[in-house]
Structure formats: C-alpha cells, structure tokens
Amino acid sequence: MVEPLLATSGLTKRFGGLVAANDVALGVEPGEIHAVIGPNGAGKTTLIAALAGELRPDAGTIRFAGTDISRLGPARRAALGIARSFQITSIFREFTALDNVALAVQAHAGHSFRFWRPAQGDARLREPARAALAEIGLADRADMPAAALSHGEKRALELAMVLATRPRLLLLDEPTAGMGPADSADIVRLLAGLKGRLAIVLVEHDMDAVFALADRVTVMVYGRIIATGLPEAIRADAQVRRAYLGEEDS
Amino acid sequence: MRAIDARGIAALVCLTALALVPVIAAAADAPFYVGLFARVMIFAIAALSLDLILGYGGLVSFGHAAYLGIGAYAVAILSFHGVTNGFVHFAAALAAAAVAALVIGIVSLRTSGVYFIMITLAFGQMVYYLGISLNQYGGDDGLSIGRPSDFGGLVDLADPTILYYFVLACLALFLCLGGRAVRSRFGVLLQGVRSNERRMVALGFPVFRYKLAAFVIAGAVCGVAGALFANLTLFVSPGIMHWTRSGEIMMMVILGGIGTLLGPVLGAAVYLLLESVLSRWSEHWQAILGPLLIIVVLFSKSGLMGLIRAPRPPHG
Amino acid sequence: MDPGLRRDDNGVAAGRAIAMIYVIEQVLNGAQFGVMLFLMAAGLTLIFGIMNVINLAHGSLYMVGAYVAAAVFGATGSFLIGLAAALAAAIVVGIALEVTLFRTLYARDHLDQVLATFGLILFFNEIVRILFGATALYMRVPDFLNGRVEILPGAPYPTYRLAIIAVGLAVALLLYLLIARTRIGMLIRAGASNRVMLGALGVNVTLLYTAVFALGAALAALAGVMAGPIFTVESGMGESVLISAFVVIVIGGIGSIRGAFVAALLVGIVDATGRAYLRPLLALFTSRAAADSAGPALASMLIYILMAAVLFVRPQGLFPPRGR
C-alpha cells in the first residue's frame with residue numbers, strides 16, 4: 001500500500017485541562033481535498049497549527065511524504081512543501097500586493113543572504129509573483145498596498161502567496177471566513193481549479209463549500225475524530241448529524 | 001519612485017553640506033564645529049546601524065551603546081599595548097563588536113517583544129559593568145589613547161580636518177552600502193520580519209539566522225563608529241557604554257525617521273546640536289529635552305524624514 | 001598531647017566558624033538586595049501583565065521615594081513620617097503619570113513606550129537635581145532600627161538590613177494574598193490584559209489601571225526608601241536597580257509575581273555571594289593577579305550570565321505566563 005502524503009497517528013495536544021486534539025489519526029492522499037469540519041472548539045485550528053509546526057503536540061507523530069516531521073519547526077515544514085493560510089488573514093500590510101507575493105517566491109528561491117542586487121528588479125522573483133497574482137485574479141491590484149485591498153482581495157492575496165511557494169500540501173483555515181457570497185464563490189471556484197494539483201486540508205464552516213469541494217470529509221468533535229469518509233457518507237452518518245450537522249441548521 | 005529620488009537628492013545635499021563644514025568653520029574661525037560635526041557623523045553611523053535592525057527589522061535593541069564602547073575600547077586597549085596600526089585597530093573594533101553581537105544575539109533573539117527589550121538592555125549594562133571592572137584599563141576613570149590609529153602615512157588622523165573627512169567617508173560608505181542592503185533580498189526579508197514574522201516563518205524563511213545576521217552586522221558597523229569615536233576623543237571610559245547612551249542613539253533614529261537611511265543622520269545632527277545649544281543655555285537642559293522627546297514620540301510618527309517624504313499615492 | 005596542637009585545632013575551628021558566619025552574612029546581604037529587587041520587579045511585572053506597558057520610569061518612582069523620604073526624615077526627624085510622605089508622593093506622581101501619559105501609551109507599541117518613558121527618566125533626573133542639588137543626599141538609619149542583632153552567637157548583623165528583609169517578605173505575603181484571594185488578583189491570574197474582556201466582566205477598567213499603577217509606584221517608592229540609608233540618594237539612583245529588576249523579570253517570567261519573588265532572591269544571593277567569593281575561588285585555579293582582575297569583572301557580570309543561562313534552557317523564564 002502506498003503511504004499517504006500526510007499521516008498523523010496518536011496526535012494529542014492539551015491546553016491545561018482541555019484536550020484540543022485527542023489521539024488524532026488523519027491521512028491525506030496526494031491531490032485530494034480533505035475537509036475537516038466540526039463545531040467551534042472541536043480542535044480544528046489546533047490540528048492545523050500542529051500540522052504546520054506552530055504547536056508542538058504532547059504526543060503522536062506526523063509523517064509527510066515518507067519522512068517523520070514531528071520534530072521540525074514551521075519554517076522547515078514550509079520548506080518541505082507544507083503551506084498554510086490563517087483564519088485571520090496574514091499578509092504584509094505595508095507591502096504592495098506584488099511585493100507580498102515576490103517575498104513568498106523568495107522564500108523558496110535559495111537563501112536570502114544577498115545584500116547587493118535590488119530585490120524589486122529581480123525577474124526571478126517578480127515574474128512568478130506576477131503570474132501567481134494573475135492566476136488569482138489580482139493582476140490589476142499588483143501595485144496597490146496590501147492594506148488598501150478589500151477583505152476578499154486580502155484573502156485571495158494570501159492564497160496567491162501560499163500558492164507561489166509551490167506547496168505539495170496546503171492547510172487552509174477557513175479560507176472564506178468573513179466573506180460575502182460572491183467573494184466566497186470566487187474562492188470556491190479557485191480551489192476547485194487546484195483540485196488534483198496539490199493536496200489540501202480544508203477547515204471550513206461553510207457546508208456548501210465543503211460539499212462542493214471535498215473528496216473526503218473528517219468530522220472532529222471535542223478534539224476527537226468521530227468520522228472520516230466520502231461527503232455523501234458523512235452527510236448520511238447519523239452520529240455526525242446528531243453531533244454536528246443538526247446544529248448547523250440554525 | 002519619486003520618494004526614492006527625493007531621498008537620494010536629500011542624501012547628496014546632506015553629505016555635501018557636511019563636506020563644507022570644515023571650510024565654513026575655518027572661514028568663520030570656529031574650529032569647534034569641526035569636532036562637533038565629526039561627533040554628529042560618528043553617532044549618525046551608530047544610529048544608522050541601529051536603524052538597520054530597529055527600523056527595518058523591527059528589533060527594539062536597547063543595548064546598542066555596548067558595541068560603540070567595544071569598538072572604542074578595542075582601539076584604546078590595542079594602543080595601550082603598543083599596537084598603533086590603524087588597519088589592526090579598525091579590524092579589531094569591527095570583529096570584537098561583531099563577536100559580542102553574535103553572543104548577545106544568540107541569547108536575546110530567542111525571545112521577542114518586551115523580553116527582547118529588557119534582555120538587550122541588561123546585556124548592555126553587563127558590558128558597561130565589565131568596562132568599569134577592567135581596572136588594568138582604567139576602570140571607572142577610563143583610558144587615554146596616546147596617538148590616533150596609524151595608517152602608515154595614508155591618512156593622518158591626528159589632523160582634525162583629515163579625521164573629519166575620514167569620518168565623512170565612512171558615513172558615505174555605510175549610507176551607500178545600507179542603501180543597497182535595504183533594497184536587496186536580505187533587506188526585503190528584514191522588512192518582512194518587521195511586518196509579519198509569523199507569516200515569514202509560515203512561508204518557510206528560517207528567520208532566526210537572518211535576524212542574527214542583521215544583529216551582527218549592526219553591531220559590527222557600530223563597532224566601527226566606536227573606533228572612530230576613540231580617534232576623535234583619544235579617550236574612552238565606561239560612560240560611552242552607559243545605558244542612557246543606548247537610549248540616545250535610539251532617540252536619534254526616532255527623531256530623524258525610523259526605517260529610513262538618512263533619518264538617523266538627521267536625527268544625530270538634531271539631537272547633538274540641540275544638546276549643544278540647550279546645554280549652553282541651562283545646565284538643567286535635560287529637564288527640557290525629556291518632555292521634548294515625549295512630545296516627539298507621541299505626536300510625530302515619522303520624524304524629520306516625514307517632511308521630506310514625497311506625497312503619498314492616492315490609495316495609501 | 002601537645003597543647004600547641006590543640007590550640008591550632010581551636011584556631012581552625014574558629015576559622016571555620018568565622019567563614020560560616022561570613023557565608024551567612026553574604027546570603028543575608030543577597031536576600032536584602034533580593035527583596036528590594038522584588039519590590040521593583042513586582043510592580044513592573046504587574047503593570048506589564050495587566051496594562052501591557054513597559055515602564056522604564058519605574059526607577060524614577062524609586063528615586064522619588066528615596067528623595068522625599070530623605071528630605072522629610074531630615075526635616076521632621078521621624079523616619080515613619082518620611083516613609084509615609086514618600087509613599088504618598090510616589091502614589092500621587094504615579095497617578096499623575098498614569099492619567100497624563102500612560103493612558104496614551106497603553107495603545108502604543110513597546111518602542112513608543114520605551115522612548116517616552118526614557119524621556120521621563122531624563123526629566124525626573126534633572127528635576128531632582130534642580131530641587132535637591134547635584135550632590136547626593138544623606139539619609140541615616142532610623143534610631144529604632146540602628147544597631148545590630150546577633151543572628152548567631154558571635155555573629156552580629158545590622159538590624160536595619162534585617163528589617164528590610166522582614167518588610168520585603170511581608171510585602172511579598174500581602175501581594176500573594178492580594179493575588180490569591182481578591183477579585184483584582186483573579187483578573188491578574190487570568191492574565192487579563194484585554195480591555196474588552198475586562199470591560200465585559202463589569203470591571204471599571206480605567207480605575208483598575210490607575211490603581212495598579214499606583215500600587216506599582218508605592219512598591220517602587222518603598223524600595224527606594226529602604227535603599228536610602230544603604231545606597232546614596234542621588235539623581236539616577238533608580239536605573240541600575242531598574243535594569244537588575246528587568247533581569248529578575250526575565251528570569252522569573254513576565255507577569256508572574258511568584259517568578260519575580262524566586263528570581264529576585266536568586267539574583268540577590270548570586271550577586272552577593274559572587275562578589276564575595278568569585279575572586280578567592282578563581283585564585284584557587286589561576287594566579288592571584290589573574291584572579292584579582294578577572295574576579296571582579298566576572299562578579300559584575302554574574303547575574304547577566306545567570307539570565308542568559310536561564311533563557312537558554314527556558315526562553316520564557318522559570319515561571320512562564322499561562323496560556324501563551
């Protein structure tokens with residue numbers, strides 16, 4: 001059997017008395033969109049942070065592309081091809097949109113101990129950055145300060161930065177958070193276009209987006225995985241309906 | 001782009017004005033000003049080096065006077081032991097300050113925020129106390145330097161005018177190198193760290209080693225400023241490393257304009273000229289300077305460079 | 001048995017006893033310095049923990065306490081009136097600073113806070129020079145604490161210094177009760193540095209901040225008053241104590257009173273014993289001349305080296321804040 005791209009086993013993280021992730025075993029196949037859903041406080045953001053290396057779990061292992069990355073820091077994991085977006089948009093507000101993406105390209109273009117040539121005149125950074133902006137539909141915003149972009153544009157910019165690092169695994173923490181329906185639909189269309197090119201772990205509250213995009217769905221409640229399966233199966237699962245989907249109707 | 005042009009012109013105007021100081025001072029028979037402006041330029045280099053990490057990297061280092069002192073002491077101690085070669089002096093000042101910054105940086109950069117401020121302040125104080133306890137090198141009383149650094153007839157730093165232009169050349173060199181560095185990949189990376197360090201890490205930058213490199217570069221450049229200072233005053237004492245000196249250097253950066261290259265130069269000039277004027281007016285001038293600094297901090301975010309900044313684009 | 005030998009034995013035993021007494025003296029000196037650091041560090045760490053503001057001018061409040069106590073004690077002849085006046089003055093100055101400046105600084109970044117409070121230090125240092133002159137003030141030990149107490153038979157120790165340790169420990173106990181038993185303490189334990197959260201809990205945030213600031217000012221002034229008869233009362237006297245208090249906070253963990261207490265005693269005792277023993281200790285391994293020069297240098301750096309060592313093992317200090 002081929003090992004999945006990402007596999008956790010026994011992943012546990014406690015905050016004082018609260019167990020935010022409890023014996024989590026998650027497998028993500030190459031190229032699949034794997035949605036993680038669950039009520040607030042289920043430990044989804046904790047899971048993303050543990051996968052990205054920002055939180056050190058109390059127990060368990062994380063394997064990525066055949067190697068144990070449990071002890072690697074976030075920068076090392078990013079260098080291996082795990083990229084992430086944050087629940088609260090994380091960009092360089094003082095930079096222009098293009099400079100934001102160019103810096104993301106720079107992160108994967110060798111070391112940055114280069115003190116002489118101006119980075120803004122470097123085609124090896126600018127051209128991929130322009131391409132990434134164009135792909136996300138922000139080409140005409142390239143020279144705008146990131147702080148001046150609309151909320152939806154900022155979310156899209158973060159996605160462009162993340163994609164510019166050419167990741168193999170994308171961790172998306174509520175990519176449509178705070179967006180209107182139109183912007184939200186744009187993001188869903190964009191993510192659908194990425195399908196098959198890279199694996200995505202998608203934490204999302206918008207069930208329409210989840211069932212439109214996901215190849216598989218994992219349901220978390222109180223730090224535990226209670227079900228994993230195809231979207232239709234999850235929709236039909238009585239336990240899931242009780243624990244989660246029933247509440248979502250309100 | 002217009003802003004860069006305006007600042008390039010401002011830098012040239014500044015350096016030209018500084019180059020004319022000895023000529024005007026000679027014409028006005030006021031040699032005092034040659035020494036004063038040499039001092040201004042030395043502190044400009046120190047403030048410039050701090051601004052690399054403070055303004056561009058967002059690292060609030062409160063122990064920068066330590067590197068100034070280490071550079072100055074390197075020259076004084078070598079002279080004390082009979083080593084007069086200027087190349088050795090300046091290389092030693094640079095290397096000693098760089099090593100100190102490396103050690104201090106490795107410990108303090110593991111932390112951030114207010115921890116970082118307190119730790120750099122504490123290490124600055126440690127170096128100050130070390131200076132006081134060096135009894136064989138004068139301890140609290142300091143150490144006189146017999147002759148300035150000897151560059152074998154290439155430049156004669158004993159001549160105040162030549163020393164002045166030597167300092168000016170150093171300042172111009174560091175402004176030029178700094179101008180390249182802050183626009184390079186390294187400089188852009190630093191500004192990314194200041195803007196959003198968490199995002200930098202998530203993008204895959206191993207930020208610690210870059211922050212440490214910037215910290216060491218800033219310390220080394222400040223060490224050169226210290227070597228120049230030793231040549232100007234021909235005397236060093238632990239007073240040069242007192243923590244209030246670190247505060248003054250930081251003030252120069254803020255007064256002139258944080259996150260700019262010319263700002264620290266203007267800030268050093270304004271701070272030291274203000275000190276010179278106020279102290280002649282009243283011995284209690286710091287009672288005025290203190291509140292003045294508070295007002296600048298509270299009401300002027302961009303310092304003097306804010307005045308030279310080109311109009312912002314409509315979207316900004 | 002040779003009587004001469006026995007006398008020698010007695011001499012060695014007496015020498016050991018003297019060495020032991022000397023050790024106890026150094027530890028007590030360290031504890032006395034430590035509790036003063038604790039009073040400073042406790043105020044700083046409370047103010048930082050609740051208002052998220054770094055106050056370099058905390059040392060100025062220490063200085064205000066020492067000056068007012070020295071002046072009032074000198075004028076009235078009563079140490080206790082001097083102490084009361086110093087605490088009152090520091091609380092008034094603290095509240096005035098909080099209302100006029102710090103309320104603006106809470107919302108600013110740490111750099112602005114550092115710079116503005118640096119400006120305050122320059123101002124205060126100069127003001128005391130204008131009011132009290134450039135020369136240091138003399139403050140004597142109050143009569144009722146003058147003299148020595150035999151801590152062990154044949155080992156007298158200054159009563160005043162013992163009193164400092166006692167007062168410091170008492171204040172530490174009171175602070176512990178404040179934090180463990182009161183509503184304000186509950187907020188502090190919760191690490192409540194969030195205006196919105198505090199407001200939601202029905203706390204008058206403005207008043208709470210002013211009260212905490214005043215408490216910090218009073219603690220600093222108390223340390224300053226107690227330091228008056230031991231150190232010189234002069235302009236800038238609070239700064240080296242302030243920086244040592246920073247070392248204490250870094251070692252103890254920001255926002256932790258318990259950490260400040262443990263670290264303050266640790267720093268005080270390491271500093272005192274280092275100054276007493278490092279030189280003779282080095283002399284065992286190197287030449288006397290080398291020990292004479294390196295000993296004091298190392299001793300003056302010892303608490304910073306301790307800080308670096310602690311940070312290397314625990315970057316968040318010994319008692320890291322919870323939930324971060």
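1. The buried residues of α10(B) are B:Leu262, B:Gly263, B:Pro264, B:Val265, B:Leu266, B:Gly267, B:Ala268, B:Ala269, B:Tyr271 and B:Leu272. The helix itself covers residues 262–281, which makes 20 residues. From its first C-alpha to its last, α10(B) reaches 29 Å, close to the 28 Å expected at 1.5 Å a residue. Keep in mind throughout that this is a predicted model.

2. Next, how the chains meet. There are 2 pairs of chains in contact, and chains B and C share the most contacts. Chain A and chain C have no contact joining them, though their closest C-alpha atoms lie 8 Å apart.

3. Now for the contact between chains B and C. It takes 37 residues from chain B and 37 residues from chain C. On the chain B side, α5 (113–133), α9 (243–256) and α11 (286–299) each supply at least two residues. The biggest giver there is α5(B), with 14 residues. Sorted by class, the side of chain B that touches chain C holds 26 nonpolar, 10 polar and 1 charged residues.

4. Zoom in on one helix pair across that contact. α5(B) packs against helix α9 of chain C (residues 238–252) at an angle of about 130°, and their axes are 9 Å apart. Because angles over 145 degrees would be needed for roughly antiparallel, α5(B) counts as oblique to α9(C). Their crossing is left-handed.

5. Which residues do the meeting here? From α5(B) come B:Tyr115, B:Met118, B:Ile119, B:Leu121, B:Ala122 and B:Gln125, and from α9(C) come C:Ile243, C:Phe246, C:Val247, C:Ile249 and C:Val250. The class count for the contact of α5(B) with α9(C) is 10 nonpolar, 1 polar and no charged residues.

6. α5(B) also has a partner inside its own chain. The axes of α4(B), residues 86–108, and α5(B) come within 10 Å and cross at roughly 150°. The two helices are therefore roughly antiparallel to each other, and the crossing of α4(B) and α5(B) is right-handed. On the α4(B) side the contact is made by B:Ile104, B:Val107 and B:Ser108, and on the α5(B) side by B:Phe116, B:Ile119, B:Thr120 and B:Phe123. By class, that gives 5 nonpolar, 2 polar and no charged residues. Note that B:Ile119 is on the list here and is also among the residues of α5(B) that meet α9(C).

7. Over to the contact between chains B and A. It takes 24 residues from chain B and 30 residues from chain A. The chain B elements giving two or more residues are α6 (160–183), α7 (185–203) and α8 (207–233). Of these, α7(B) gives the most, with 12 residues. The side of chain B that touches chain A comes out as 12 nonpolar, 7 polar and 5 charged residues.

8. A quick look at chain C. Helix α4(C), residues 110–132, has 23 residues that should span 33 Å at 1.5 Å a residue, and its end C-alpha atoms are 32 Å apart, which agrees. Just after α4(C), C:Gly133 takes a positive phi of about 85°.

9. Last, is B:Val23 buried or exposed? B:Val23 counts as exposed because it has 11 C-beta neighbours inside 10 Å, where 12 or fewer is the cut-off. This residue sits in helix α1 of chain B, residues 2–27. B:Val23 and B:Thr161 are 138 residues apart in sequence, yet 9.4 Å apart in space, C-alpha to C-alpha.

Notes
Residues numbered from 1 in each chain as written. Chains lettered and ligands numbered in written order. Predicted model: local features only at pLDDT ≥ 70, side-chain atom pairs only at ≥ 80, totals over all residues. Helix = DSSP H or I, 4+ residues; strand = E, 2+ residues; numbered from the N terminus. Buried ≥ 20, exposed ≤ 12 C-beta atoms within 10 Å, placed from the backbone. Contact = placed C-beta atoms within 7 Å. Nonpolar A, V, L, I, M, F, W, Y, C, P; charged D, E, K, R; others polar. Axes fitted to C-alpha atoms, helices over the stretch in contact; angles between N-to-C directions. Parallel < 35°, antiparallel > 145°, perpendicular 65-115°, else oblique. Left-handed = near helix turned anticlockwise from the far one by under 90°. Expected span 1.5 Å × (residues − 1).
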